[in-house]
There are 2 protein chains.
Amino acid sequence: MMDFKEGKQKFIESWGKMASDWGINRTMAQVHALLLIAAEPLTADEVMSELDISRGNANMNIRALMDWGLVHKQLRTGERKEYFYAEKDMWVVVRQIILNRKKRELEPMLKVLEEISGVENNCPESESFCTVVRDIRKFSNKANQTLDALVKADATWLSNPLFSLLR
Amino acid sequence: MMDFKEGKQKFIESWGKMASDWGINRTMAQVHALLLIAAEPLTADEVMSELDISRGNANMNIRALMDWGLVHKQLRTGERKEYFYAEKDMWVVVRQIILNRKKRELEPMLKVLEEISGVENNCPESESFCTVVRDIRKFSNKANQTLDALVKADATWLSNPLFSLLR
DNA sequence: CAGAATTTTCAAATACTTTTGAAAACAAAA
DNA sequence: TTTTGTTTTCAAAAGTATTTGAAAATTCTG
């Protein structure tokens, strides 16, 4: 049976790997992983020593995770240090990630698609262009709507019969 | 009304931007965008001059797009040059992307989760670890199943009543 | 087969991203 | 207010990823 320390390392490592495949800073994901599995909130110093990263790096990535709404600060009366803990409900985690990426990436793309869906169409090249842009726009709008629905839905969605109907 | 050339530039640029946000080489996405909107298959030389990139770069990215199953080669009898065209059915495009990323990223993660779901659990730290790993594993398995279903479903899925029921 | 056209490779150069660490800013305590 | 503990900032360094371009390999043609 694998021991805890080894499992922890593996988890942090592959969470980081996966994130960097998806265009997210590897260290940010590792900090996230560390806080996800922590039994108690951690200080910046604990994050630094656990992951063997600098103070600046720890600070910047904890901050980014808070911007994403995945990590929160805990202040303890009588203590100067700040403690950090991750949101552990996977449904909330995924919802936050969807919300963030949708806003930062999908929505700007939709805006561009809308802008360029009005190009003048008077040659075979622009014909082909317009057709593809129209299709992508239709598709993206649908995806956008579905994500909205997903985000509005609550945690029970995963066990919703509708979900299994899709199989 | 926006002119074709400007629209084309904007499209290529934002397709590349979006892709790089998602951990995909920007130039690869730009080549993809160019081929997506092209009325006819293009040669490597045309890709090079349209995007102003080197021969090696064009070759490597066209190749990668073929590996992803998003671009195909067309050979013309009596011509030495190779022509390339993109799959334009958005449903097929998205399906290919899902298939590729699922295989390269989600599946390895699932494997790791399975491995580490058997860590010994005998302290508060490992307790917290096991709980989170179990939740993530449950969630990822569900996501994996849903993606499988999505990929198996056909193009009509998007207009399937089930889809709108999710709203 | 030799020559010409074309594609592929890959080491080096360039560009981009992340990390460090020390100094500055800040905030609580004395 | 001064000291002390803590967080934040950011320029420079280190680390990664991408691009180039010329040489090698491949493939077609005569």
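This is a predicted model: local features need pLDDT of at least 70, side-chain atom pairs count only at pLDDT 80 or more; totals for chains, interfaces and linings use all residues.
View 1. Chain A brings 54 residues to the contact, and chain B brings 54 residues.

**View 2. Polar pairs and salt bridges between chain A and chain B.** The count of residue pairs in polar contact between the two chains is 14, both residues of a pair being at pLDDT 80 or more. Helices α1 (4–21), α2, α5 (90–116), α6 (124–152) and α7 (161–165) of chain A each supply at least two residues of the side of chain A that touches chain B. The most comes from α6(A), which gives 14 residues to that side. The rule finds 2 salt bridges across the interface. In a salt bridge between A:E115 and B:K10, the side chains meet at 3.0 Å, N to O.

**View 3. Helix α4 of chain A, residues 55–67.** The 13 residues of α4(A) should span 18 Å at 1.5 Å a residue, and the end C-alpha atoms are 18 Å apart, which agrees. Buried residues of this helix are A:A58, A:N61, A:I62 and A:L65. Seen down the axis of α4(A), the buried residues fall within an arc of 105°, so they line one face of the helix. An α-helix has 3.6 residues a turn, so residues three or four places apart point the same way. A:M60 and A:D67, on the other side of α4(A), are exposed.

**View 4. Surroundings of α4(A).** Just after α4(A), A:G69 takes a positive phi of about 75°.

**View 5. Residue B:Q30 and its contacts.** B:Q30 lies in helix α2 of chain B, which covers residues 26–37. The relative accessible area of B:Q30 is 13%; buried means under 20%, so B:Q30 is buried. With its neighbours within four places in sequence left aside, B:Q30 is in contact with B:I12, B:E13, B:G16 and B:L51.

Definitions and conventions:
Residues are numbered from 1 along each chain as its sequence is written. Chains are lettered from A and ligands numbered from 1 in the order in which they are written. Side-chain values use heavy atoms; hydrogens and water are left out. Helices (H or I, at least four residues) and strands (E, at least two) are DSSP runs, numbered from the N terminus. The expected span of a helix is 1.5 Å times one less than its number of residues. Buried means under 20% relative accessible area, exposed over 50%, partly exposed in between (1.4 Å probe, protein chains only). The arc is that of the directions from the helix axis to the C-beta atoms. Contact means heavy atoms within 4.5 Å. A salt bridge is a side-chain nitrogen of Lys or Arg within 4 Å of a carboxyl oxygen of Asp or Glu. A polar contact is a pair of N or O atoms within 3.5 Å; within protein, one must be able to donate a hydrogen and the other to accept it, and residues adjacent in sequence count only if both atoms are side-chain atoms.
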